[in-house]
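Subject: A structure for you to look through

Hi there,

Here is the structure I promised to pass on. Please open it next to this email and follow along as you read.

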Amino acid sequence: FNHTYKILPEAFDVWCTVMREVPRAVLWLKETNAQLHDNVRHAAAARGVDPSRVIFAPGLSYADHFSRLALADVFADTWPYNAHTTAADALWAGVPVVTCHGNDYASRVAASALNAVGLAELAFGSVEDYTCALLALATEPGLAAGYKAHLQERRLALPLFDTTRYTRELEALFLRMAARWQAGQAPGHLPAQTTCH
């Protein structure tokens, strides 16, 4: 459900590789326009994948979207521009995200979200490792089920979704910044100070 402009040929190659290896797999994308749909299906066919296995989902209400999103087995992220809100949405719906991160902000957002839900091991620095992880999740149902259970059972306790904790920590940071300013100190790096439950 990322914006389709984020889908570059290298990511699409990986997704088609996984689909060739896992005959029951489908690629579920955000519905956009008929021209794009035709182009994506043509590109899948050129990579040896039956175009009917690329499914486009229409826009729905927020509640209905989350209900259907929870049915996905895994969220295969794009790179170098990672999912931001769409990764958080998938994690909230209980869907594990697999990402390939880079070194700048836009390519590290999904890795940060994964870290905040205790699944940093699903963020990879290489396309090869990203591909292996997608294949493992697609072929080992217990693995994907374990990640889904982690997300569903601990959802409200995970730092990514604990808005009360986030608010307390942000307020504490603002107070530390104000104290530095009142003491006449120059702006500087303030290390994170997290609170415990």
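**What I found**

Of the 197 residues in the protein, 40% are buried, where buried means under 20% relative accessible area, exposed means over 50%, and partly exposed is in between (1.4 Å probe, protein chains only). Before you go on, please note that this is a predicted model, in which local features need pLDDT of at least 70 and side-chain atom pairs count only at pLDDT 80 or more, while totals for chains, interfaces and linings use all residues. Residues are numbered from 1 along each chain as its sequence is written, and side-chain values use heavy atoms, with hydrogens and water left out.

**The overall layout**

The protein has eight helices and five strands. Both kinds of element are DSSP runs numbered from the N terminus: helices are H or I with at least four residues, and strands are E with at least two. The C-alpha trace spans about 65 × 35 × 35 Å along its principal axes.

Contacts also say something about the fold. A contact means heavy atoms within 4.5 Å. Among contacts with a separation of 6 or more, 66% are between residues 24 or more positions apart.

**The nonpolar core**

In soluble globular proteins, nonpolar side chains tend to be buried together. A nonpolar core is a set of buried Ala, Val, Leu, Ile, Met, Phe, Trp, Tyr and Cys residues joined through side-chain atoms within 4.5 Å. The largest one here has 53 residues, and Phe12, Trp15, Leu91, Val98 and Tyr130 have the most contacts inside it. Helix 1 gives the largest share of this core, seven residues.

**The largest pocket**

How many residues line the largest pocket? There are 28, and Val26, Leu27, Trp28, Asp73 and Val74 lie nearest its centre. Two or more lining residues come from each of helix 1, strand 1 (27-30), strand 3, helix 6 (127-139) and helix 7 (141-154). Strand 1 supplies the largest share, four residues.

The volume of this pocket is about 680 Å³. Pockets are found on a 1 Å grid over the protein atoms alone: a pocket is an open set of points with protein on both sides within 12 Å along at least five of seven lines, and lining residues have an atom within 4 Å of a point. Grid points are joined across faces, edges and corners, and a volume is the space filled by probe spheres set on the points.

Sorted by class, the lining has 22 nonpolar, three polar and three charged residues. Here Ala, Val, Leu, Ile, Met, Phe, Trp, Tyr, Cys and Pro count as nonpolar, Asp, Glu, Lys and Arg as charged, and the others, Gly among them, as polar.

**Two salt bridges**

The structure holds two salt bridges, each being a side-chain nitrogen of Lys or Arg within 4 Å of a carboxyl oxygen of Asp or Glu.

- Asp13 pairs with Arg47, with the closest N and O atoms 2.5 Å apart. This pair links distant parts of the chain, 34 residues apart: Asp13 is in helix 1 (residues 9-21), and Arg47 is in the loop between helix 2 (34-46) and strand 2 (54-57). Asp13 is partly exposed because its relative accessible area is 35%, and Arg47 counts as partly exposed because its value is 24%.
- Glu169 pairs with Arg165 at 3.0 Å, N to O. Both lie in helix 8 (residues 163-182), four residues apart, about one turn of the helix. Glu169 and Arg165 are both buried.

**A few single residues**

Most peptide bonds are trans. The bond from Trp79 to Pro80, however, is cis, with omega near 5°. You will find Pro80 in the loop between strand 3 (75-76) and helix 4 (85-92).

His65 lies in helix 3 (residues 62-69) and is buried, with a relative accessible area of 14%.

Enjoy exploring!

Key
1 Å grid on protein atoms, 1.4 Å probe; cavity = no way out; pocket = protein on both sides within 12 Å on 5 of 7 lines; lining within 4 Å.
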